[in-house]
Amino acid sequence: MSSLHTERQIRPIYDALDSGSHKSALVACNKLLKKHPKNDHLKALKALALTRAQKFEEAIVLCEEVLSTRPTDDGTMNALMHALRHLGRFADLVKLFEDAFKQQPENDEFGRQAFFANVRMGNWKAAQQLANKLNKQFHNDRYVFWGIMCTVLQANDPMTAAEMRNILLKLAHRLITASWKQGEVHPDRLHLHTTILQQLGLHKDARELLDTESGRLLCARNISCDYLRREIMKAGGWQSEEGITAEERVVEKRDRNWLEFVSILDATFLPSADHQLIQLDPLQRVAKTRDLFTKIAEEDGSHDRSAWLGLMELERLCIVREVPSDPSRLLNLLKRYFEIFGDKAACYEDLRPYSDLYSEVLSDWIKFLEGITHIPSSGASLRRSLNAHKLLRYGLSAAQLTVEQESVRAAGLEREYFDALPLGKDIPNLELQPADDLAILAAQVHVNMYALDNAVAHLHNAVVLLEYASKKSPQSYQIHLELVRIYRRLGAPQLALDHYRLLNVKQVQNDTMSHLILSRATNFSLAATGDLAYASQCLEASHIYFSNSQDTSEFIVKAFGTEKYSQIPELVVFEERLDNSLQRDLVKIEHVRLRISHEQITSELVDMELIELKFIFDRLHHDNRDLEVLPNYQPRGQPSFLSQTTLFGNEPAAGWLSIFLKIYIKALSGASDLDLSVEDDKLLVGDRPRPRSNPDAKISLTDRLTVQTADELSELTDDEVALFHYVVELTKWLDPFHNFLRPRVEAAKQPPKSSNSANDGVSENGHGRKPDDTPHITEPPDSILSYFKNARARFTKVVEETRPIYEILHIATLAQEALFLFFVCTKRFKDASVVRINKLGVLVQHIKSLRASVIDIVREIGTQLTKISELEGTADKRRQFVEHCKALQTHSELTHEYVLDVGKRVTDSQKKVLEGVGSGIVRVCKTPM
Amino acid sequence: MCCTAQHPSGRLMGYVIGKAEGSPHDFHGHVTALTVAPDYRRLSLARTLMNFLETVSDDVYGGLFVDLYVRCTNSIAIDLYEGLGYSVYRRVREYYGSLGLGPGGKDEEDAFDMRKPLSRDPYRRSVRPNGRDMIVSAHDVS
């Protein structure tokens with residue numbers, strides 16, 4: 001590629017790639033490759049174009065071809081780097097640059113890139129060694145710090161043994177002490193140095209370091225350093241001195257950082273004997289701090305809440321630390337606070353933790369709140385009224401929560417909502433309506449009434465009001481979220497999804513929020529009829545995990561480049577938490593459940609999903625789900641709005657995931673030719689995930705699949721538990737035949753056999769098997785058919801009892817899933833020649849007759865469901881809906897037509913899901929795979 | 001730079017994201033984003049966060065001024081920034097162009113580039129009084 005001639009020809013390929021036209025880039029590559037078939041640069045560009053066109057398999061082959069030539073020219077390396085990054089093949093990236101650096105050790109760019117490639121992989125040890133090499137070769141301070149950072153990261157890696165951790169930290173300490181320059185001006189280097197001392201417990205050294213002139217200057221300028229300084233002061237037991245510093249900052253510099261107030265409070269309640277104010281007893285110390293805060297609070301007035309909050313926190317800590325204080329003091333503070341800050345939206349959240357500390361003054365507090373007038377004449381008076389409503393509701397006792405009393409409250413809130421709406425008529429539509437919270441509160445009251453008497457009318461009232469409020473305030477995520485939850489409860493999944501999509505969930509919110517719509521998504525999906533709304537929502541929610549593995553590692557690389565050491569550990573934790581997110585795999589399993597209901601069950605599907613689920617099985621998960629994002633205004637001690645709208649009373653978590661993984665790994669491995677005991681499967685795209693230090697992982701996978709704990713099962717509904725037992729029975733019956741027919745694993749790949757392997761006795765079969773060795777054919781256990789019979793009985797029962805739609809769907813969709821799993825487990829025996837050669841005719845007869853009976857039962861459920869759906873979405877149902885919301889129609893804004901329209905959409909959505917699931921089941925029964 | 005404001009309960013109340021940019025003769029702080037959650041409005045949080053960003057731009061980076069872009073329709077934000085000492089330096093056409101014309105017309109997709117001089121610019125050379133009439137196209141700004 002030296003001639004200018006070819007470079008001119010290559011330009012258009014770059015242009016095509018830049019402008020996103022992968023096809024023309026590919027055509028151009030192919031054309032030039034005909035003339036220059038050995039040109040690596042062209043091959044690398046072609047690989048890049050292929051990855052962009054999502055043709056990963058071809059791209060991988062080409063990448064490997066170029067890699068094997070150990071290229072060193074910039075063009076080839078660059079193109080290959082982009083292609084490998086896109087493919088997630090970071091291990092190859094490491095090889096590429098390490099090879100190049102070895103060939104040209106004077107090229108620091110190759111060295112840096114090799115370092116970065118290791119950083120992307122989280123290979124801290126290798127990265128540290130490269131940083132050392134770079135420093136020796138090119139003498140640059142930054143390489144020293146890179147190496148030290150990597151040593152610290154290696155020490156804190158979950159895979160590093162405890163004793164090794166200390167050795168590594170000591171090494172980092174030695175390195176940083178050796179290279180530390182007096183008067184270092186880089187805040188992040190100071191941060192790194194202090195962190196090492198902190199982690200080694202050398203608090204005194206850390207304090208001295210921060211106390212140097214440059215240390216003090218950097219702490220004053222840099223929040224991260226100052227934050228670390230606070231931690232050191234606390235860990236070193238210097239709270240008393242920190243308290244004095246904080247007081248100076250608050251009084252002299254008028255610093256109103258809440259952390260300063262916390263420091264003063266920490267010092268006040270310090271039990272240790274070396275307190276500088278030792279001459280004062282605890283009571284006097286509290287009094288002193290109280291005087292200080294009172295003085296500041298009075299000075300600040302309504303300008304700043306810190307000192308006021310500090311005073312209340314002081315009273316709370318008095319209770320915790322058993323320092324006597326007069327309850328009326330807190331009561332007066334609460335009242336003063338409400339008077340001064342009652343018109344701030346944050347007032348409710350500020351006061352809630354203090355409002356019920358003393359039961360003896362609670363009634364006075366409630367009386368005070370009841371005295372607040374609720375005439376929303378301005379934004380400020382509306383917010384004051386809202387705060388009073390929320391605090392009053394928080395303080396309600398169980399005895400005050402009857403349906404009658406709640407319904408009076410709901411009506412009052414609704415009236416106030418419509419009265420307050422005009423206050424926001426001129427507000428730009430990007431802003432929230434000031435009256436929103438009244439509707440949100442009223443809806444929660446309705447949901448609470450539903451929790452009390454199970455009358456669906458309450459939910460109907462809630463959605464009519466919220467739908468109206470969401471039109472008025474389209475940006476209110478809280479209203480959308482409430483609707484999502486209530487629609488799920490009503491069995492109107494399409495409407496729930498519509499509102500969820502209006503939230504425009506982005507980036508990492510997909511991880512923290514998608515549980516609100518996607519938990520047990522299979523319950524509501526119409527995938528079997530080809531409606532992939534929920535399936536595609538699963539895919540959309542999962543995108544963040546792929547972009548995380550590419551983007552976050554790039555951010556880490558960037559942070560090294562700009563020496564932002566204080567941010568690197570946080571980014572590493574972020575990447576790890578997202579990579580091993582519980583929600584990630586809950587969504588994954590939902591997607592697999594949906595996938596088998598609408599796709600042909602091919603061996604590619606089976607193998608790919610099996611490989612992935614096996615990886616997931618060994619993950620140690622982080623639960624990143626945000627449970628606070630949904631507002632909760634239910635009284636203290638009562639179930640939250642979130643739990644009131646959680647289906648089946650429990651939310652799937654790690655235990656649920658574990659059981660469903662077992663279900664699917666068992667079933668899919670039956671249909672797959674991959675041997676469960678072989679764990680070195682090759683992933684198509686990306687590297688093999690890093691092994692986790694799961695202590696159970698030493699036991700073989702086959703054995704781990706057979707264990708289940710009561711804790712795990714407690715996260716399942718009874719019907720899901722039944723499905724699990726059904727799969728256990730089904731696979732127990734068929735596994736000997738699967739193992740017999742599965743091609744034998746090549747000897748080289750066979751891992752050392754554990755003595756308790758469940759495969760014993762059958763793993764010797766395979767290629768060398770003789771038909772005479774066919775395992776003894778038994779009749780199917782009765783439990784398989786009885787699972788379906790029980791499901792039908794359960795279904796009939798919930799229908800007769802007119803249980804909520806989501807419960808009816810639950811039994812039906814699980815029965816359908818059981819049928820699909822039956823298809824998966826028996827797929828192998830559809831091949832007539834295999835059956836004949838291996839003399840499995842009798843087994844196939846058993847399967848056939850069982851399948852016919854099973855299909856009959858499931859079809860019956862489907863037909864029933866279709867019948868039930870005919871009763872929904874009728875004029876009668878709509879009339880009922882409107883009747884339920886009669887009280888709401890006293891507000892002129894909620895006309896009969898409006899309520900009817902909402903009612904129509906709700907009942908239509910309910911009808912659609914029942915009808916869809918029903919016809920999906922019938923369709924599947926007609927064309928069994 | 002990113003700085004968040006947290007409630008004592010741990011909830012996030014708001015954040016400011018900014019960066020230092022520009023060549024030596026117009027080195028300045030830039031506000032990438034400023035957000036305060038609805039529940040924590042009217043507590044002077046925006047002012048606190050902006051003060052912090054200005055202090056960092058001034059003391060740490062020695063910038064001449066701080067600048068930011070704001071949608072011309074966003075009167076609430078414009079009032080806030082004017083209250084903090086910012087003034088319009090120029091109007092940038094179709095800065096938010098990808099969204100197309102909304103109900104606010106041109107004001108919806110145009111941005112004001114607002115600036116506030118810092119201590120290194122005592123003669124206030126980085127601002128001008130008639131900024132609203134200075135119109136540039138989105139291509140002219142980076």
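A:R336 and A:E298 form a salt bridge in which the closest N and O atoms are 3.2 Å apart. This pair links distant parts of the chain, since A:R336 belongs to helix α19 (residues 327–341) of chain A and A:E298 to helix α17 (residues 282–300) of chain A, 38 residues apart. The model is predicted, and a search of the whole structure finds 72 salt bridges over all chains.

- Side chains of opposite charge can pair when their charged atoms come close.
- A:R336 has a relative accessible area of 32% and is therefore partly exposed, and A:E298, with a relative accessible area of 44%, is partly exposed as well.
- A salt bridge also joins the side chains of A:R189 and A:E184, at 3.6 Å from N to O, and both A:R189 and A:E184 are buried.
- In a further salt bridge, the side chains of A:R409 and A:E406 meet at 2.5 Å, N to O; both residues lie in helix α23 (residues 403–420) of chain A, three residues apart, which is about one turn of the helix.
- A:R409 counts as partly exposed because its relative accessibility is 23%, whereas A:E406 is buried, with a relative accessible area of 0%.
- A:D226, A:R229, A:R230, A:E242, A:R249 and A:E260 are joined into one network by salt bridges that share partners.

**Sheet and helices of chain B**

- Chain B contains three helices and seven strands, and from the N terminus on its elements follow the order β-β-β-α-β-α-β-α-β-β.
- The seven strands form an open sheet of mixed pairing, in the order β1-β2-β3-β4-β6-β5-β7; its edge strands, β1 (2–6) and β7 (135–137) of chain B, each pair on one side only.
- Neighbouring strands of this sheet are turned against each other by 30 degrees on average, direction ignored.
- Strand β5 (residues 87–93) of chain B runs parallel to β7(B) and is joined to that strand by three bridges; B:R93 has B:S137 in β7(B) as its bridge partner.
- Helix α1 (residues 45–60) of chain B lies across β1, β2 (12–21), β3 (28–36), β4 (65–71) and β6 (111–117) of chain B, and runs at about 160 degrees to β3(B).

**Dimensions and surface of chain B**

- A compact globule of 142 residues would have a radius of gyration near 14 Å, so the 15 Å of chain B agrees.
- Buried residues account for 43% of the 142 residues in chain B, while the chain exposes about 7,400 Å², of which carbon and sulfur atoms supply 50%.

Conventions: Residues numbered from 1 in each chain as written. Chains lettered and ligands numbered in written order. Predicted model: local features only at pLDDT ≥ 70, side-chain atom pairs only at ≥ 80, totals over all residues. Heavy atoms only, no water. Pairing = 2+ DSSP bridges. Helix = DSSP H or I, 4+ residues; strand = E, 2+ residues; numbered from the N terminus. Axes fitted to C-alpha atoms, helices over the stretch in contact; angles between N-to-C directions. Contact = heavy atoms within 4.5 Å. Rg over C-alpha atoms; globule rule 2.2 N^0.38 Å. Buried < 20%, exposed > 50% of the residue type's maximum accessible area, 1.4 Å probe, protein only. Areas by Shrake-Rupley, 256 points an atom, 1.4 Å probe, with all protein chains shown as cover. Salt bridge = Lys/Arg side-chain N within 4 Å of Asp/Glu carboxyl O.
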